[in-house]
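Have a look at the structure first, and then we will go through its pockets together.

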Amino acid sequence: LWMFRREMDAADEIPMEWVEHRAEAQAKSSPPCFRIGVKEACPEMRLYSAYMYTDDALFIVVGVERALLALRTHRQLTKNINLLMAPPRKRTLGSWGTWLGIIIVASLGLVIIPKDKIIRASRVITATLGDGVPFHTYRSMCGLLEFFRGVSMLGRNVMHGLYRPHDPERGASRHGPSGWVTCDSLMAQQLRSWNSRLSRVGGCHAAHALV
């Protein structure tokens, strides 16, 4: 990311009106401006963003020409350091993309949970409320619900009581991955609430993180 940003900062031409618009933000920002050769680059004036979680990269840019510049810069960088990239079927390009299991629509500021994840969680909840499920299935579902909670900015209270089966002494987990999980009254209440909530946790606006 450091190498990519340096190459982008050196090559990108920032409109003067944007530089003036962002001057106050840059003055208040902790990462200061720096020089690349004869050019000054300022983090708060960039018209692109670059992120990476382990080996999963995401780039957001303003405008078609800057998108082409980012693609050329990234391609040249990966060639220079001899990185083997993921196959084309795992790449996305456009006004939205999937990153870390979330659909991100940058132009609208939306984060959206893919429908298949919601359906999968609903099926396991229904099965748990019925005859129960193996612990490994239930544990995976709890991870999925935590994922929904994080994306939709829900409080920790929505998971209260759902970790009883994880108790190594009294929960289903003491029998290993095949231990059988059934509901007590609190779990049933919470799971019924989740089943209802799943129709409303399809995502949220990025501004919710600032509330």
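A pocket is an open set of points on a 1 Å grid over the protein atoms alone, where a 1.4 Å probe fits and protein lies on both sides within 12 Å along at least five of seven lines; lining residues have an atom within 4 Å of a point. This is a predicted model, where local features need pLDDT of at least 70 and side-chain atom pairs count only at pLDDT 80 or more, while totals for chains, interfaces and linings use all residues. Residues are numbered from 1 along each chain as its sequence is written, and side-chain values use heavy atoms, leaving out hydrogens and water.

**The largest pocket**
- Its lining has 39 residues, and Ala57, Leu58, Phe59, Arg91 and Thr92 lie nearest the centre.
- The lining of the largest pocket consists of 24 nonpolar, 10 polar and five charged residues (Ala, Val, Leu, Ile, Met, Phe, Trp, Tyr, Cys and Pro count as nonpolar, Asp, Glu, Lys and Arg as charged, and the others, Gly among them, as polar).

**The second largest pocket**
- Here 17 residues form the lining, with Ser49, Tyr51, Ile60, Ala106 and Ser107 nearest the centre.
- The lining of the second largest pocket holds 14 nonpolar residues, three polar ones and no charged ones.

**A look at Thr73**
- Thr73 is buried, with a relative accessible area of 11% (buried means under 20%, with a 1.4 Å probe and protein chains only).
- Leaving aside residues up to four places away in sequence, Thr73 touches Phe4, Glu7 and Met8 (contact means heavy atoms within 4.5 Å).

Methods: Buried means under 20% relative accessible area, exposed over 50%, partly exposed in between (1.4 Å probe, protein chains only).
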